[in-house]
Every structure is written in C-alpha cells, then in structure tokens.
Amino acid sequence: METRILGNDHLEVSAMGLGCMGMSEFYGTIDEREAIDTIHRALDLGVNFLDTADMYGPFTNEKLVGKAIRGRRDEVVLATKFGNMRSEDGEFLGVNGKPEYAYECCDNSLQRLDVDHIDLYYLHRVDPEVPIEETIGAMSRLVEQGKVRYIGVSEAAPETIRRAHEEHPLTALQTEYSLWVRQPEEGILPTVRELGIGYVAYSPLGRGFLTGRFTSPEDFEEHDARKYFPRFQEGNFEKNMEIVEQVKAIAERKGATPAQMAIAWVLAQGNDIVPIPGTKHVGYLEENLGALEVSLTNEDIEELNAAAPIGEVAGDRYPDMSSVNR
C-alpha cells in the first residue's frame, strides 16, 4: 500500500483512507456485520486510516469502529471528531467548541472506541461563539496528556486555519473535495500547503453521485439523507448527471470505473492529499482501492477538470451551509 504524509509532524497514513460514517447512519440501510467485514478487509489490504466522529449514529459509529479494530489497534491510524452536538435521539443541537466540551468529548470517544489514545482528533465544525484559539488550546492539552497524538480541523476557512495553526500545529484539515467540490482550490488548499498542513478529502465520490450508480432522485432509500441535499434534488440532479456522463466516458476509455476515475483525480491533485471514500460494502471498498492503480496523464486531468469546472455544479453541498467554511 502506498503511503502519504500528513502535516509537518509527518503522520504517515495509507494513500487512501476509509470513511466509516455511512456504516451507522445517513446513507440508508445499515448492517453491522458487513460494516465490520468491510473494515477488516480494508486493514487486510493495507488501508490503515479510519475516519469516524462522535456524532455519527449518533454515538454508535465509534463503538462499531472500536469493535472492528479490537486486537488490531496497532494497524490503525484512528481519526475521530467532536464539536457537532446531538442528543441520544439524533436531534442536532448545534456546534460546541468550548474547552470543557473538548475534554468531555475526548474522554467519551476514548471509551466508545475502547482505546487509550486517538491518533488524529479533529474539531468537526468551528464554533463561531468560541475563539478558535481556545478550542485548539484545549486540544493541545489533550496532546500533552497523551490522549491525542495529532490534531486537525474540519470545514474551516483559511483565516481560521491560520489562527488555529498558530495556536498549535495542525496535522490535517478535513474538508469535502472532489470533482464536484473544487472550491477548496481557490483558498483552502493554497493555505494548508503554505503552512505544511495535510489535506484529508472526504466525499471524494460526491456522496456516491460520481460513481454513476444513481439515475434519478428516486433511487435513494427513505432514510437516505442524500435525497434532501440540494445537489440531489430534481433539476439539479439532472444537470449534475452531465458531469457523471463525462466521467463515465473518460473512465471507459481508461479501463476504469467512474468511481476509480473520480478518486484517481483526487489522488492526482498532490501527495499531501488523502481521500477517505466511505463505504459499508466490501465490493465497493475493493473497487475504490483500484483507483490507486489508475494512472492519469496531464491530458486526462485537463479533460476531467473541464468536465467539472469550479462553480458549475448545481446546488449547494448541504441544505444549510452556515456551519462550513467558518
């Protein structure tokens, strides 16, 4: 397995990670046994970078990941997040970046994951009511205590990233990045590269859209959150399918699947970028890993760039964009 380095502290991870969120929530039917099998298969194939968060489930995804890695902890670079508050029944309660909340969440995550430390701990969303220096200061104390090895932030704006990094070196920024989310190229990517911060790209498959598996807004299960996302709504869906058709055509020419082509494009954007496509199926995991074998020429990359120019995708990433890029 190829590896990549995140941050100036040189956290070495597999070139592709595994996003575990959908194993517990948001993307339709869940099957814990298959989810655990998927994590085990990922580890067997050399994927060592697993991503979860306390809010997924809520509170159940960390338990699932912990169960899956029991006895294999030394094979895993374990990342989790805090800051998005939810109740036990799943209600979203806002964002909390207060130091005391960071300490509480870390202890709870350690217990659910059944581990003695977290390798990479992210602030999931920036709390506009708490100076970022206070939140990062608390996270740095978790590092001093040995509960956390490295820290990062998710969905933060360039100026926030700078302030956070000055308080304590960030190892990684995690933000959505794919052929249909290219806005980070305009400010976030240049900032993290200037500062020597690694970039972890979640949803490199556009929440599955770029795989070409969906043909209409009606394809999603009743409890699949994607059906409520603007980009999957009628009108936007059809326009965005034009991008998928172009990706399909390029993939066919290269002897790859659309999913492999979309991930290969992210991988080709720089060795400081690590995509973490999520899946809960062994078959899709193995397909995604095939992207590591896809070699893109400069002409291929230019063609893919032209298929999905910045700003051309129809609809916002989230129904409510107020909590991102703060």
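**Talking through a predicted model**

Biologist: Does Arg163 count as buried, partly exposed or exposed?
Modeller: Arg163 counts as partly exposed, because its relative accessibility is 32%, and the band for that label lies between under 20% for buried and over 50% for exposed. Please keep in mind that this is a predicted model.

Biologist: Which residue meets Arg163 in a salt bridge?
Modeller: The partner is Glu133, and the two side chains meet with an N to O distance of 2.9 Å. Arg163 belongs to helix H5 (residues 158-167) and Glu133 to helix H4 (residues 132-144), so this pair ties together parts of the chain that are 30 residues apart in sequence. Glu133 is partly exposed, with a relative accessible area of 26%.

Biologist: And how many salt bridges does the count come to?
Modeller: The count comes to 26 salt bridges. Another of them joins the side chains of Glu155 and Arg317, with 2.7 Å from N to O. Glu155 sits in the loop between strand S9 (148-154) and H5, while Arg317 is in the segment after helix H10 (298-307), and the pair links these distant parts of the chain across 162 residues.

Biologist: Why does Glu155 count as buried?
Modeller: Glu155 counts as buried because its relative accessibility is 2%, and the label applies under 20%. Arg317 counts as buried too, at 12% relative accessibility. Glu155 and Arg317 also belong to one network with Glu176 and Arg207, joined by salt bridges that share partners.

Biologist: Which residue forms a salt bridge with Arg226?
Modeller: Arg226 pairs with Asp224, and their closest N and O atoms are 2.7 Å apart. Both of these residues are buried.

Biologist: What is the phi of Asn325?
Modeller: Asn325 has a positive phi of about 60°, although it is not a glycine. Asn325 is found in the segment after H10, and with a relative accessible area of 44% this residue is partly exposed. His10 is another residue other than glycine with a positive phi, near 60°, and its place is the loop between strand S1 (3-6) and strand S2 (11-14). His10 is exposed, with a relative accessible area of 56%.

Biologist: Which residues are joined by a cis peptide bond?
Modeller: A cis peptide bond joins Gly57 and Pro58, with omega at about -5°. Pro58 lies in the loop between strand S4 (49-51) and helix H2 (61-69).

Biologist: Now the inside, which residues touch the most other members of the largest nonpolar core?
Modeller: Ile39 and Phe49 do, in a core of 110 residues. Helix H8 (residues 258-267) gives the largest share of this core, eight residues. As background, nonpolar side chains in soluble globular proteins tend to be buried together.

Biologist: What does Phe49 touch, if residues up to four places away in sequence are not counted?
Modeller: Its contacts include Leu6, Val13, Leu18, Val77, Tyr122 and Ile276, and Ser14 and Gly17 are among them as well.

Biologist: Last one, is Ser154 buried or exposed?
Modeller: Ser154 counts as buried, at 1% relative accessibility, and its place is in strand S9. Leaving aside neighbours within four places in sequence, Ser154 is in contact with Leu123, His124, Arg125, Gln174 and Tyr202. Ser154 and Ser322 are 168 residues apart in sequence, and their C-alpha atoms are 14 Å apart in space. Glu252 and Ser322 are 70 residues apart along the chain, with 38 Å between their C-alpha atoms.

Notes: Residues numbered from 1 in each chain as written. Predicted model: local features only at pLDDT ≥ 70, side-chain atom pairs only at ≥ 80, totals over all residues. Heavy atoms only, no water. Core = buried A, V, L, I, M, F, W, Y, C linked by side-chain atoms within 4.5 Å. Buried < 20%, exposed > 50% of the residue type's maximum accessible area, 1.4 Å probe, protein only. Helix = DSSP H or I, 4+ residues; strand = E, 2+ residues; numbered from the N terminus. Contact = heavy atoms within 4.5 Å. Salt bridge = Lys/Arg side-chain N within 4 Å of Asp/Glu carboxyl O.
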